[in-house]
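Colleague: Hi, could you walk me through the salt bridges in this one? I have the structure open.
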Amino acid sequence: MIKGDFPLQEFGSLRTPFYYYDLGLLRRTLQRALAEAGKSPLYRLHYAVKANFNPVILREIASAGLGADCVSGGEVRAALDAGFKPGDIVFAGVGKSDWEIKLGLEAGIGRFNVESPEELRVISELACEAGVKAPVSIRVNPDIGAHTHANITTGLSENKFGVNYELLDDVLREAMALPGIEYRGLHFHIGSQITDMADFKALCNRINYLAGHLDRAGLPLGDINVGGGLGIEYEHPNHLPIADFATYFEVFRNHLQLPEGTVVHFEPGRSIVAPCGTLICRVLYVKQGTTRQFAIIDGSMTELIRPALYHAYHRIENLSSSEDEDIYDVVGPVCESSDVFGKAVSLDRCHRGDFIAVRSAGAYGESMASRYNLHELPEAYFATPRCRAAL
Ligand SMILES: *Cc1c(COP(=O)(O)O)cnc(C)c1O
């Protein structure tokens, strides 16, 4: 969306801050992802629900035909409510509670991605009690670093996720022996906001190595889930509004060497929903500090925590003004020094009441919102292709 596309007239009557989602862009993104993945008939997409679980967004994604990747019982419920087929739901997470496992078993979800031998035994027990077999993949910690922020790498041996790949044989043998478990495959996920394709190549190489190793050991491979992590272009949301799915899937096509007929699952989250969401805020005050000028806005880390949590960059635009640019630290009202959306941001001159757009906020924005400082949770509004501002 470019500046003129935002319906400021309609925004005038709404309480800020709020999320504004471009459903047309979401649909185009889904179509592109499905088309690029679909060049390989055995590639399957599961949307990572934690990136954004707004029910309207989830229903769009379910009706496009993707599966769902969940990391909690709450997300499994939300996915079911949104219309994802139980068999297309996969459930990962290092700490699944008993009720969450039971919920997955009752719903008949497609896969439990198991992250430790003890969890495997618990799932087997609960499945036996329920008189079913749990379809299971083993999440492997591939010890692969992703060149992204340290808080969002997940595939290093020091991270809490997955089973150390050196222990894989033992865990796999145990999975095959347990009465409540049906072993189905391997799961990986190395991190998020990955833009260096070398990281995914390294993952492919590790998977190829493990596939060969299991074959030599006479152990089954099953299907492969490579996780999510494809990054988006935060700097230029209008220039590249859709993630580079073509290059991404091409990396796996060129580098994965698996037995014929192996199904490969992908779990994109951010790359599906980040570009379509904007956090709309208003300028409360412009304040001159001793060395800096502050644009104090009504949005904060309680609606969008990524800048405070990961020093993440979001492009910020003043939608109301087209005066000469000035330099601002764009800050929220929360009583934390980290409540800063951007430092030394160049914005068209700001005045009280101006609408400020914080772009590419569709992933890990609304879903991470909190009520800290007793803020209300943000509302969400949707621009649909037919009716631009369905408010
Ligand atoms: C968070 C997560 C994803 C999605 O990651 P993105 O970077 O948003 O694509 C996929 N799989 C698992 C297991 C996750 O935890």
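Colleague: What do the side chains of Glu119 and Lys96 meet in?
Modeller: They form a salt bridge, with N to O at 2.6 Å. Keep in mind that this is a predicted model.
Colleague: Where do Glu119 and Lys96 lie?
Modeller: Glu119 is in helix H6 (residues 117–130), while Lys96 sits in the loop between strand E4 (89–91) and helix H5 (98–107). The pair therefore ties together parts that are 23 residues apart in sequence.
Colleague: Is Glu119 buried or exposed?
Modeller: Glu119 is buried, at 6% relative accessibility. Lys96 also counts as buried, with a relative accessible area of 10%.
Colleague: Okay, new one. Which residue does Asp329 form a salt bridge with?
Modeller: That would be Arg292, and the closest N and O atoms are 2.5 Å apart. Asp329 belongs to strand E14 (residues 325–331) and Arg292 to the loop between strand E11 (277–288) and strand E12 (293–297), so this bridge links parts that are 37 residues apart in sequence.
Colleague: And what is the relative accessible area of Asp329?
Modeller: Asp329 has 4%, so it is buried. Arg292 is partly exposed, at 34%.
Colleague: Which residues do salt bridges with shared partners join into one network?
Modeller: Arg315, Glu317 and Arg359.
Colleague: Nice. What about Lys39 and Glu36, how do their side chains meet?
Modeller: In a salt bridge as well, 2.9 Å from N to O. Lys39 is exposed, with a relative accessible area of 54%, whereas Glu36 is buried at 12%.

Definitions and conventions. Residues numbered from 1 in each chain as written. Predicted model: local features only at pLDDT ≥ 70, side-chain atom pairs only at ≥ 80, totals over all residues. Heavy atoms only, no water. Salt bridge = Lys/Arg side-chain N within 4 Å of Asp/Glu carboxyl O. Buried < 20%, exposed > 50% of the residue type's maximum accessible area, 1.4 Å probe, protein only. Helix = DSSP H or I, 4+ residues; strand = E, 2+ residues; numbered from the N terminus.
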